[in-house]
Amino acid sequence: MKTSGRDLARKVRSIGESREFEARSGELPTWCPGCGYFGIHHGMNDCIRRLGIPLHKVVTVSGIGCAGRYPFFTKTYGLHTVHGRAVPVATGVKLGNPELTVYAVGGDGDGLAIGGGHLPHVCRRDVDINYVLFDNSIYGLTKGQPSPSSPMGMKSKASPRGTSDKPINATLLALSYGASFVARLFAGDKKMIADVLLEGTKHKGFALFHIYSPCVTFDKSYKTWENLKKWVHPLPETHDPTNLRQAFDQVLEDDWSVGVIYRRPQRE
Ligand code: SF4
């Protein structure tokens, strides 16, 4: 059924008026229907609402890509910067005003290719910002090229014989470089996203939220909703997120477990 202009206006108004969506702006996201980013947006919005801090004390910084549009869809302060630079700009915002709660957001192409050089350093410096990495293993905005997290052999218009590169595991990379809070999540579980984002945002130090998400338009074979729902599962109950060795073992043995992988005990 087609949505009329009046229905759309009503929907935008109800989003603006609803407390549940109070951190959302009146702009309807321009992502493709069914994109996993809607779930991440819902989880982030819920986290920011539950944090209970005024929206003018929250800043969302993005780079380029489908996820780069994120700041338009939230009522927090926002910066839509250049390709791969969400993390350094977010670092600058935090250093300029440490009272702000700062989120860097972006996709796997933005954050692991052109911006990949920033991740090791923000981890080792343990800057108190939150990095929400939307990982769908594809460049969506430029119509479906393989990204640094695409699996070997993934076929696309840009790689008709399949990719020959090994993928980057962002969770493992963050652990290796000393990030003090590392979580892996799934766009299909909005509640877990909100709960874990809340915990990680309260954590003093750098927090990576590595979120698996489908690109429904350009990826019909790998991170589809169908596959992710089959593959993703919670961390084992015995997992101790304060044990770094266990965190490494878990990530090396299992690509699809989600939850808080590692949390360094906080200094008093
Ligand atoms: S192209 Fe893919 S990642 Fe981009 S909005 Fe559409 S479904 Fe989402």
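This is a predicted model: local features need pLDDT of at least 70, side-chain atom pairs count only at pLDDT 80 or more; totals for chains, interfaces and linings use all residues.
The shell around the ligand has 8 nonpolar residues, 3 polar ones and no charged ones.

**Around the ligand**
- The residues surrounding the ligand include Trp 31, Cys 32, Cys 35, Tyr 37 and Cys 66.
- Asn 136 and Gly 140 also surround the ligand, along with the run Cys 215, Val 216, Thr 217 and Phe 218.

**A closer look at Thr 217**
- You will find Thr 217 in the loop between β8 (207–212) and α8 (225–231).
- Thr 217 counts as partly exposed because 16 other C-beta atoms lie within 10 Å, whereas a buried residue needs 20 or more.
- Beyond its neighbours within four places in sequence, Thr 217 is in contact with Cys 32 and Gly 140.
- Lys 143 is 74 residues from Thr 217 along the chain, yet their C-alpha atoms are separated by 8.5 Å.

**The sheet and its helices**
- An open sheet of mixed pairing is formed by 8 strands, in the order β2-β1-β3-β4-β8-β7-β10-β9.
- At its edges are β2 (77–80) and β9 (233–234), each pairing on one side only.
- β1 (residues 58–62) pairs with β2 in the parallel sense over 4 bridges, and Ser 62 has His 80 in β2 as its bridge partner.
- Helix α2 (residues 37–51) packs on the sheet, touching β1, β3, β4 and β8, and its direction makes about 160° with that of β4.
- Helix α3 (residues 86–96) also packs on the sheet, touching β1, β2, β3 and β4, at about 175° to the direction of β3.

**The core**
- The largest nonpolar core has 64 residues, and Val 132, Phe 209 and Ile 211 have the most contacts inside it.

Technical notes. Residues are numbered from 1 along each chain as its sequence is written. A residue is near a molecule or strand if its C-beta atom, placed from the backbone, lies within 6 Å of it. Ala, Val, Leu, Ile, Met, Phe, Trp, Tyr, Cys and Pro count as nonpolar, Asp, Glu, Lys and Arg as charged, and the others, Gly among them, as polar. A nonpolar core is a set of buried Ala, Val, Leu, Ile, Met, Phe, Trp, Tyr and Cys residues joined through C-beta atoms within 7 Å. A residue is buried if 20 or more other C-beta atoms lie within 10 Å of its own, exposed if 12 or fewer, and partly exposed in between; C-beta atoms are placed from the backbone. Helices (H or I, at least four residues) and strands (E, at least two) are DSSP runs, numbered from the N terminus. Two residues are in contact if their C-beta atoms, placed from the backbone, lie within 7 Å. Two strands pair if DSSP finds at least two bridges between them. Axes are lines fitted to C-alpha atoms, for helices over the stretch in contact, and angles run from 0 to 180 degrees between N-to-C directions.
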